[in-house]
Amino acid sequence: MHPLIPMILQRLALGLFTLFLITVVIFLAVELLPGDIAQELLGQNATPESLAALRESLGLNSPPHIRYFDWLGNAIQGNLGTSLATERPITDLIGQRFLNTLALASYAAVVSIPLAVTLGILSALYRNTLFDRVINISTLSAISFPEYFIGFILILLLSVKTGWFPSLANMGRVETFWDFLFRAFLPMLTLVLVVTAHMMRMTRAAIINLLAQPYIEMAKLKGASPVRIILYHALPNALAPIINVIAINAAYLMTGVVLVEVVFAYPGLGQLMVDSVTKRDITVVQSCCLIFAAVYILLNLTADVLSIASNPRLMHRK
């Protein structure tokens with residue numbers, strides 16, 4: 001058996017156990033929300049009889065542990081329940097929203113990952129130069145501001161002042177792929193500015209750390225150019241930390257889009273979760289949190305496996 005297979009199975013088991021603990025946290029967090037859910041749904045004019053009937057239909061009269069295991073069992077079977085606000089199946093509500101969030105995250109990843117790795121390589125190649133300082137200051141400045149602030153600045157500069165891009169990502173009239181790229185450009189750019197610094201600085205640090213190794217010195221003595229040394233000698237050995245930071249930021253692109261989607265009114269899963277919190281639609285909130293947690297764990301497990309696979313020495317215990 002390949003030594004990578006037991007490691008993958010071990011990581012999957014650990015991921016499932018972590019996801020189980022997260023479901024407990026999600027359920028308890030929703031349970032601790034103040035107020036009466038039935039009262040919020042029916043309004044101030046609700047009668048005691050209607051409140052009692054709604055609590056019974058929602059299962060609120062059952063003990064919390066019974067409701068938790070009922071919810072968990074249905075979720076394992078793919079049944080996320082019904083929205084309390086719209087009475088529609090949650091899978092119908094989440095389906096297109098999840099695809100929208102996945103499309104935005106993929107859009108940002110396709111732009112940010114090559115950009116960050118390229119800037120990291122160039123920054124390592126020209127370290128301690130003016131280019132290196134400008135890139136570091138620029139990326140650190142971008143990451144120092146919260147996402148919604150960057151989004152509002154981009155709306156002001158690229159939408160209000162110049163009119164180049166729409167301030168709201170209206171996906172209802174998207175007809176072509178290029179139309180989607182145009183309408184989602186500002187939320188994509190916001191995410192790119194937020195995540196590029198992490199990946200760029202990790203790429204730079206990993207490569208610079210390897211430049212002091214003896215085999216790099218030998219390549220220099222043989223007359224290899226700096227570009228060849230970095231691309232053919234340093235970069236392959238720096239893949240493990242770079243893959244890790246890329247996967248972590250890819251997970252952030254999927255789970256950290258909530259504020260960005262709200263700023264640009266992007267119809268994604270994050271916007272749906274915020275709207276559901278406002279309406280006290282707890283079943284949808286639980287489902288959104290569960291999906292975000294599952295995606296985050298899956299991407300982190302993928303990063304772990306890829307980083308170990310890229311460096312076979314990590315598969316063997318010391």
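These legends describe close-up views of a predicted model.

Residues are numbered from 1 along each chain as its sequence is written, and side-chain values rest on heavy atoms, without hydrogens or water. In this predicted model, local features need pLDDT of at least 70 and side-chain atom pairs count only at pLDDT 80 or more, while totals for chains, interfaces and linings use all residues.

View 1. Helices (H or I, at least four residues) and strands (E, at least two) are DSSP runs, numbered from the N terminus. The protein holds 318 residues, and 41% of them are buried. Buried means under 20% relative accessible area, exposed over 50%, and partly exposed in between (1.4 Å probe, protein chains only). A contact means heavy atoms within 4.5 Å. Of the contacts with a separation of 6 or more, 71% join residues 24 or more positions apart.

**View 2. Helix α7 runs over residues 147–161.** Its 15 residues reach 20 Å from first C-alpha to last, close to the 21 Å expected at 1.5 Å a residue. The expected span is 1.5 Å times one less than the number of residues. α7 bends by about 30° at I155. A bend is the angle between axes fitted to the seven residues ending at a residue and the seven starting there. Which residues of α7 are buried? They are E147, I150, G151, L154, I155, L158 and S159. An α-helix has 3.6 residues a turn, so residues three or four places apart point the same way. The cover over the buried residues of α7 includes α6, α9, α12 and α13. After α7 comes G163, with a positive phi near 70°.

**View 3. Helix α9 is mostly covered.** Of its 26 residues, 19 are buried. The end C-alpha atoms of α9 are 36 Å apart, which agrees with the 38 Å that its 26 residues should span at 1.5 Å a residue. α9 bends by about 35° at V195.

**View 4. Helices α5 and α12 cross at roughly 145°.** Their axes come within 8 Å. Axes are lines fitted to C-alpha atoms, for helices over the stretch in contact, and angles run from 0 to 180 degrees between N-to-C directions. The crossing is right-handed. That term applies if the near helix is turned clockwise from the far one by less than a right angle, and left-handed if anticlockwise. From α5, the contact includes F98, L102 and V117. From α12 come I246, L253 and M254. The contact residues divide into ten nonpolar, two polar and no charged. Ala, Val, Leu, Ile, Met, Phe, Trp, Tyr, Cys and Pro count as nonpolar, Asp, Glu, Lys and Arg as charged, and the others, Gly among them, as polar.

**View 5. I135 lies in helix α6.** Is I135 buried or exposed? I135 counts as buried because its relative accessibility is 14%. Leaving aside neighbours within four places in sequence, I135 is in contact with L119 and M200.

**View 6. T82 sits in the loop between α4 and α5.** At 41% relative accessibility, T82 counts as partly exposed. Beyond neighbours within four places in sequence, T82 is in contact with E87, R88, P89, I90 and T283.

**View 7. N128 is in the loop between α5 and α6.** N128 is not glycine, yet its phi is positive, near 65°. N128 counts as exposed, at 55% relative accessibility.
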